[in-house]
Amino acid sequence: MIFNLPFITVIIVMFFGFYAMVFRRNLIKVVIGLDLVESAVNLFLVSLGYVKGGVAPIYTSAPSTHMVLPTPQALTLTSIVIGVATTAMLLSFCMVIYKHYGTLDTRKVRRLEE
Amino acid sequence: MMSKIVRTQANFLYPFILIFGFYVVAHGHITPGGGFQGGAVIATGVALVAVAYGYDTIKKWIKKTHLTAAEGIGLLCFIITAFIGLSTSFFYNFLANSGLIFGNRVPYGINPGYLNTAGTLPIMNLAVGIEVLGGLSVIIMYMMAYGREVKQ
Amino acid sequence: MRNVLMSIVFLILLAFMLYVAINPGDFGSSTGEHFVFGAPKFTDMDNYFIHNGQNQTAANNIVTSIVFDYRGFDTLGEASVLFTAVLGVGVVLRLLGGGRNDE
């Protein structure tokens with residue numbers, strides 16, 4: 001059981017992210033929750049490719065040639081950059097909403113009249 | 001604009017952040033790092049100066065047009081480098097092991113690392129680094145300009 | 001009331017996800033082998049990259065050679081996504097937001 005400790009960490013971080021996304025009223029905190037879920041997914045991808053006792057897949061002065069899997073790390077790099085792009089987009093929407101309504105509370109933003 | 005202590009620290013740290021970022025970009029094929037990571041490091045340097053001096057001062061030094069142009073030029077260089085190898089296939093590494101620029105043969109196995117290797121990878125690293133540097137910096141500049149407008 | 005219902009749903013979800021994390025079963029395996037953290041089963045592609053990547057792309061960093069050479073289309077899409085995001089931020093903050101950007 002203790003060998004799956006990274007997976008348990010993934011589940012806990014992802015759960016905190018879901019909690020922030022569903023129960024928090026502030027839009028900035030919703031975006032923070034989305035980032036937490038995304039970080040959990042990145043950690044899950046990297047820990048899937050872990051080989052016991054392996055080193056990073058770089059040959060420059062490597063201690064050994066027993067390496068972890070390189071493909072999940074490359075895909076995680078892609079995922080991180082796309083996460084940065086979506087976060088910038090969401091935060092700019094939050095700024096526009098704040099200027100228009102004067103608040104970031106989702107209950108007050110939700111009203112459709114006027 | 002923040003206090004003089006913060007501005008002095010930003011002045012001191014800015015060149016080192018830039019040098020470290022370009023080091024990460026240029027050594028992307030032999031050490032951990034690459035274009036995205038190095039570009040993000042350089043963008044943090046721009047963010048540091050922007051926070052220390054405020055938007056009204058920084059907008060005279062760094063033009064948003066230049067950053068947008070850097071972003072476009074980076075993406076264009078990336079696509080052009082990918083298209084040059086089209087005689088074999090898209091994204092073909094035509095410079096590797098060819099003896100031209102970045103074309104030295106790398107010894108197999110563990111080695112101390114040689115800069116003049118890896119074919120088109122350093123060119124693509126540089127192109128993507130320029131693109132990410134321009135993109136993240138221009139996002140910071142847009143947000144600072146808009147936030148100042150919201151505050152008024 | 002709604003919060004209580006959502007809390008119950010969340011606790012059930014957490015319990016299920018923790019159970020799967022502690023006992024993955026035959027996750028990712030087609031032959032029913034038990035998944036063990038630290039010993040992935042299907043590594044043919046990664047072994048090919050580790051053993052041949054240095055000869056074919058002449059780069060020491062295998063991750064860079066995958067990102068920019070073997071899977072270049074992924075990186076092209078990723079760069080396009082970043083470009084589009086910057087374009088979208090500019091459009092949202094300058095046009096939709098009603099902001100006037102001098103210069």
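A residue counts as buried here if 20 or more other C-beta atoms lie within 10 Å of its own C-beta. Keep that cut-off in mind on this tour. The model is predicted. Its scores are ipTM 0.82 and pTM 0.84.

**Stop 1: Ala58(C)**

Select Ala58(C). It sits in the loop between helix 2 and helix 3 of chain C. Ala58(C) is buried, because 26 other C-beta atoms lie within 10 Å. Now check the backbone. Phi at Ala58(C) is positive, about 60 degrees, although the residue is not a glycine. Most residues other than glycine have a negative phi.

**Stop 2: chain C as a whole**

Colour chain C by element. From the N terminus on, the order is α-α-α-α. Of the 103 residues in chain C, 28% are buried.

Switch to colouring by confidence. The mean pLDDT of chain C is 80, and 84% of its residues reach 70 or more. Among the elements of this chain, helix 1 of chain C has the highest mean pLDDT (87) and helix 2 of chain C the lowest (83).

**Stop 3: helix 3 of chain C**

Select residues 62-70 of chain C, which form helix 3. How many of its nine residues are buried? Nine of the nine are, so helix 3 of chain C is largely enclosed by the rest of the structure. Step along it: Ile62(C), Val63(C), Thr64(C), Ser65(C), Ile66(C), Val67(C), Phe68(C), Asp69(C) and Tyr70(C) are the buried residues.

**Stop 4: where chain C meets chain A**

Show chains A and C together. Their contact takes 38 residues from chain A and 36 residues from chain C. On the chain C side, helix 1 (2-22), helix 2 (44-57), helix 3 (62-70) and helix 4 (72-96) each supply at least two residues. Helix 4 of chain C gives the most, with 10 residues. By class, this side of chain C has 25 nonpolar, seven polar and four charged residues.

Zoom in on Ala85(A). Find it in helix 3 of chain A. Ala85(A) is buried, because 21 other C-beta atoms lie within 10 Å. Leaving out residues up to four places away in sequence, Ala85(A) touches Val81(C), Leu82(C) and Ala85(C).

**Stop 5: Cys94(A)**

Stay on helix 3 of chain A and move to Cys94(A). Is Cys94(A) buried or partly exposed? It has 16 C-beta neighbours inside 10 Å, so it counts as partly exposed. Residues up to four places away in sequence aside, Cys94(A) touches Leu27(A), Ile28(A), Val31(A) and Leu104(A). Draw a distance from Cys94(A) to Leu27(A). Their C-alpha atoms are separated by 6.8 Å, though the two are 67 residues apart along the chain.

**Stop 6: where chain B meets chain A**

Bring in chain B. Here 14 residues of chain B are in contact with 14 residues of chain A. Helix 5 (residues 121-151) of chain B provides the largest share of the chain B side, five residues. By class, that side has nine nonpolar, five polar and no charged residues.

**Stop 7: helix 1 of chain B**

Select residues 4-26 of chain B. These 23 residues form helix 1, which should span 33 Å at 1.5 Å a residue; its end C-alpha atoms are 34 Å apart, so the two values agree. Look for a bend. Helix 1 of chain B bends by about 35 degrees at Leu13(B), and the proline Pro15(B) follows within four residues.

Gly21(B), Val24(B) and Val25(B) are buried in this helix. The cover over the buried residues of helix 1 includes helix 2 (35-53) and helix 5 of chain B.

**Stop 8**

Finish inside. In soluble globular proteins, nonpolar side chains tend to be buried together. The largest nonpolar core here has 59 residues, and Ile139(B) and Tyr142(B) have the most contacts inside it. Contributors of at least two residues each include helix 3 (70-101) of chain A, helix 4 (64-84) of chain B, and helix 3 and helix 4 of chain C. Helix 5 of chain B gives the most to this core, with 16 residues.

Another core, of six residues, lies apart from it; among them are Phe7(A), Val10(A), Met14(A) and Ala21(C).

Last, select Tyr142(B). Neighbours within four places in sequence aside, Tyr142(B) is in contact with Val89(C), Gly90(C) and Leu93(C).

Technical notes: Residues numbered from 1 in each chain as written. Chains lettered and ligands numbered in written order. Contact = placed C-beta atoms within 7 Å. Nonpolar A, V, L, I, M, F, W, Y, C, P; charged D, E, K, R; others polar. Expected span 1.5 Å × (residues − 1). Bend = angle between axes of the 7 residues up to and from the residue. Buried ≥ 20, exposed ≤ 12 C-beta atoms within 10 Å, placed from the backbone. Core = buried A, V, L, I, M, F, W, Y, C linked by C-beta atoms within 7 Å. pLDDT = per-residue confidence, 0-100.
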